[in-house]
Amino acid sequence: MSRLRIFAEDRPDQPLLDSDDHAQIAQALGAVGVRFERWEAAADIAPGAAPDAVIAAYRGDIDRLMGSEGYQAVDVISLNADHPDKAALRQKFLNEHTHSEDEVRFFVAGRGLFTLHLDDKVYEVLCVQGDLIGVPDNTRHWFDMSEQPYFVAIRLFTNKEGWVANFTGSDIAGRFPRLEAA
C-alpha cells in the first residue's frame, strides 16, 4: 500500500502526517510540485516480462507524459534480491542528491521508498505497484530499495544518457528511516 509520511527535517522520529490514502498523498505531493499518479496496465504483465512488453503495456500513459513533459527516453529497470550487485546499487541511491532533470518512476511491480527534502520538511513516499512519482529537477532526495530489493520500474528521462546524480554532501538521509522500517 502506498504511504506518505511528512516530517520536520530535524524530527525523523515524529511524523507530522502519516497517510495511506492515495488521494491525500497525491494532493499533499501536488501541493509541493511532485507528481503522484496511479496507472493501470493495458495488458497483463507476467513476472520476468521483457522490457519491451512492459513498455507496451503502459504505452498510452508513457506517450502522454513524453508528449506533455518532453521526455526523450524510456527504459525499464528490474531488480530482485538475487541480483549480485544489489548492495552496491542500493548504496548508489541512499545519499541525498539532485538531478538536473525530473526523476520519473512508475512501479510496475514491487516497491521503493523515495524520500524528498523540500525546504524544512522531509516527505517519505512509499511507492508500490501502480504508483508513478515525478520528482522535479533539482529536488533534494534519496531512494531506498531495501536490502532485499524487489521492483520493476519504468523510467522516463529528458537526458538520453539517463540518471545523473549531483550529491549534496548532506548526511540527512542517514537520519531518516530506511525501507525496512517504513
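Residues are numbered from 1 along each chain as its sequence is written, and side-chain values use heavy atoms, with hydrogens and water left out. Because the model is predicted, local features need pLDDT of at least 70 and side-chain atom pairs count only at pLDDT 80 or more, while totals for chains, interfaces and linings use all residues.

Strand β1 spans residues 3-8. Helices (H or I, at least four residues) and strands (E, at least two) are DSSP runs, numbered from the N terminus. Six of the six residues of β1 are buried. Buried means under 20% relative accessible area, exposed over 50%, and partly exposed in between (1.4 Å probe, protein chains only). Both faces of β1 are covered. Arg 3, Arg 5 and Phe 7 lie on one side. Leu 4, Ile 6 and Ala 8 lie on the other.

Strand β1 pairs with β7 and with β2. Two strands pair if DSSP finds at least two bridges between them. Six bridges join β1 to β7 (residues 121-128), and the two strands run antiparallel. Arg 5 has Glu 124 as its bridge partner in β7. The pairing of β1 with β2 (residues 17-19) is also antiparallel, over three bridges. Here Leu 4 stands opposite Ser 19 of β2.

Arg 5 and Glu 124 also form a salt bridge, with the closest N and O atoms 2.6 Å apart. This pair links distant parts of the chain, since Arg 5 is in strand β1 and Glu 124 in strand β7, 119 residues apart. Both residues are buried. A salt bridge is a side-chain nitrogen of Lys or Arg within 4 Å of a carboxyl oxygen of Asp or Glu. Side chains of opposite charge can pair when their charged atoms come close. The whole structure holds 16 salt bridges.

Arg 35 meets Glu 37 in a salt bridge (2.8 Å, N to O). Arg 35 counts as partly exposed because its relative accessibility is 25%. Glu 37 has 17% relative accessibility and therefore counts as buried. Both belong to a network of salt bridges that also links Asp 61, Arg 64 and Glu 69. In the other pair, Lys 121 forms a salt bridge with Asp 120, and the closest N and O atoms are 3.6 Å apart. Lys 121, at 28% relative accessibility, counts as partly exposed. Asp 120 is also partly exposed, at 43%.

The largest nonpolar core has 22 residues. A nonpolar core is a set of buried Ala, Val, Leu, Ile, Met, Phe, Trp, Tyr and Cys residues joined through side-chain atoms within 4.5 Å. Leu 4, Leu 29, Phe 114, Val 125 and Ile 133 touch the most other members. At least two residues of this core come from each of β1, α1 (22-30), β6, β7, β8 (131-135) and β10 (151-157). Strand β6 gives the most, with four residues.

Residues up to four places away in sequence are not counted for Leu 4. Leu 4 touches residues including Leu 17, Ser 19, Ile 25, Leu 29, Tyr 123 and Val 125. Val 125 is in strand β7. At 0% relative accessibility, Val 125 counts as buried. Among the residues that Val 125 touches are Arg 3, Leu 4, Leu 29, Phe 36, Phe 114 and Ile 133, again not counting residues up to four places away in sequence.

Helix α4 (residues 86-94) has Arg 90, Phe 93 and Leu 94 as its buried residues. These cover an arc of only 105° around the axis, so they lie on the same side of α4. The arc is that of the directions from the helix axis to the C-beta atoms. What covers these buried residues includes β5 and β9 (140-144).

His 99 lies in the loop between β5 (97-98) and β6 (103-118). It counts as buried because its relative accessibility is 4%. The side chain of His 99 makes a polar contact with the side chain of Glu 103 (2.7 Å). A polar contact is a pair of N or O atoms within 3.5 Å; within protein, one must be able to donate a hydrogen and the other to accept it, and residues adjacent in sequence count only if both atoms are side-chain atoms.

Technical notes: Contact = heavy atoms within 4.5 Å.
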